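Okay, thanks for coming, everyone. Let me put the next one up on the screen and we'll walk through it.

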Amino acid sequence: MDHSRAPMLDALSRYHDEDRYGFTPPGHRQGRGVDGRVLAVLGVDPFRSDVLASGGLDDRRSRGGYLSDAEELMADAVGADYAFFSTCGSSLSVKAAMMAVSGGGDGLLLSRDSHKSIVAGLIFGGLEPRWITPQWDAERHLSHPPSPQQVEEGWCRYPDADAALIVSPSPYGTCADLQGIADVCHRRGKPLIVDEAWGAHLPFHDDLPTWAMDAGADVCVVSVHKMGMGFEQGSVFHVQGDLIDRARLSACADLLMTTSPNVLLYSAMDGWRRQMVERGHEMLGAAIDLADTVRARLDGLPDVTVMAAELIGEQASHDLDRMQVLLDVAGTGTSGYQAGDWLREHRHLDLGMSDHRRILATFSAADDADSADRLVGAVTAWRDAAHTMSAPPTIQLPDPRDLQLDSVMLPRDAFFAPVEMVSAAHAVGRIAAEQITPYPPGIPAVVPGERLDEAVVDYLRSGVDAGMNVPDATDPSVTQFRVVA
């Protein structure tokens with residue numbers, strides 16, 4: 001296919017050249033009606049390109065085929081059979097994929113370190129989670145994606161489950177052995193879904209971890225805005241093989257997605273695909289080298305561990321996306337929360353993630369020597385200032401086995417059940433009616449339908465006191481819990 005084309009961008013350019021005007025939404029009329037104070041910040045260009053996808057950019061029956069053409073080009077670029085653009089983020093895309101494979105079987109095999117959007121899919125679809133315990137590094141309190149053997153054990157326990165869903169890469173950049181897991185699933189004739197939100201760039205460079213389609217996954221979901229050059233909320237499904245009903249997948253996405261998709265998001269994904277085909281290998285190669293250089297420069301900071309080799313191994317992850325620069329700062333006597341807050345306040349730098357002992361800098365193909373120097377200088381300045389910081393409150397970190405709560409109700413049933421709020425002291429033994437998610441990275445510590453135990457309640461309470469953010473809890477201070485009445 002001719003990847004020099006960008007059908008959505010080309011159509012948008014023609015729309016402007018032809019001076020089209022619509023007596024349709026959006027009501028701002030390509031920026032004509034927007035308050036000047038808004039334009040002073042946002043500029044007029046975003047509004048000029050915010051037009052209807054159908055009955056605007058394309059005709060009312062989409063006979064121009066701009067979107068479908070762009071999706072075909074995306075699929076061809078990455079070697080998938082089919083691609084589907086979404087403007088509602090991978091959170092929607094993964095829900096649609098879950099619902100598409102659910103045929104009334106014995107639930108879905110899921111790693112317990114799944115993103116909160118997957119829990120939302122369980123609630124929407126009324127699905128039974130069949131949890132696979134992730135691989136735990138108890139010393140560093142870090143989870144790794146499950147191994148093929150653990151997935152095989154999951155199938156042995158729940159042979160009638162509809163599909164397996166694996167998150168890879170993790171928010172830390174660690175990756176599962178997807179080829180081994182796909183082989184395990186396919187021997188049973190079962191599909192593998194991969195939540196690859198952090199892996200949109202993987203198909204475009206050989207030095208990055210194997211991407212899900214090349215590993216044999218049946219569906220993968222990528223967030224173009226995370227590691228690509230798209231706007232927030234831009235997401236793509238990729239599909240291959242005959243284990244997925246594509247019409248059903250499309251119908252499930254249609255049930256969940258907006259009827260007013262944003263052309264800016266479509267166009268940015270289309271343009272990013274062209275850029276990656278033409279220059280992706282060069283751009284990503286430079287970014288990988290830059291991230292490796294930053295690791296080497298930060299490795300000499302006292303009491304700071306630049307994590308890489310520790311993340312890969314027999315009881316750890318299969319591979320690592322080297323564009324994620326992960327630092328363990330526990331040896332400095334401060335927390336990752338403190339480091340992240342200091343860098344934002346004093347150096348105006350925001351990090352990809354911070355937790356009780358780590359900070360993460362996510363590199364992309366847009367970074368260069370200047371941004372790398374700024375990061376290294378800022379982290380070095382933080383390390384010099386760290387000795388002046390108070391010791392963080394102690395987090396009651398549970399044994400990994402205590403984080404695996406017992407599921408006693410379907411997440412949907414618990415979420416929609418009559419509920420009450422109880423104090424933390426009275427929450428132990430009660431059935432959660434909400435998900436409680438330290439964010440980022442967005443992995444729920446509590447899922448609706450699970451029985452709360454003392455270890456998790458203490459972990460959340462002490463975590464919030466130490467700086468943890470749990471924005472989806474009914475009471476973000478977690479002094480009270482929403483439970484089934």
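This is a predicted model: local features need pLDDT of at least 70, side-chain atom pairs count only at pLDDT 80 or more; totals for chains, interfaces and linings use all residues.

**Packing and cores**

Numbering runs from 1 along each chain as its sequence is written, and side-chain values use heavy atoms, with hydrogens and water left out.

By DSSP runs, we've got 18 helices (H or I, at least four residues) and 17 strands (E, at least two). The radius of gyration, over C-alpha atoms, is 23 Å, close to the 23 Å from the globule rule (2.2 Å times the number of residues to the power 0.38), so the protein is as compact as a globular protein of that length.

Now, the inside. A nonpolar core here is a set of buried Ala, Val, Leu, Ile, Met, Phe, Trp, Tyr and Cys residues joined through side-chain atoms within 4.5 Å. The largest one has 113 residues, and Leu192, Leu327, Phe363 and Trp382 have the most contacts inside it. Helix H12, residues 263-298, gives the most to this core: 13 residues. Apart from it there's another core, of 24 residues, including Val464 and Val470.

So what does Trp382 touch? Leaving out residues up to four places away in sequence, its contacts (heavy atoms within 4.5 Å) include Val304, Trp342 and Met389.

Notes
Buried means under 20% relative accessible area, exposed over 50%, partly exposed in between (1.4 Å probe, protein chains only).
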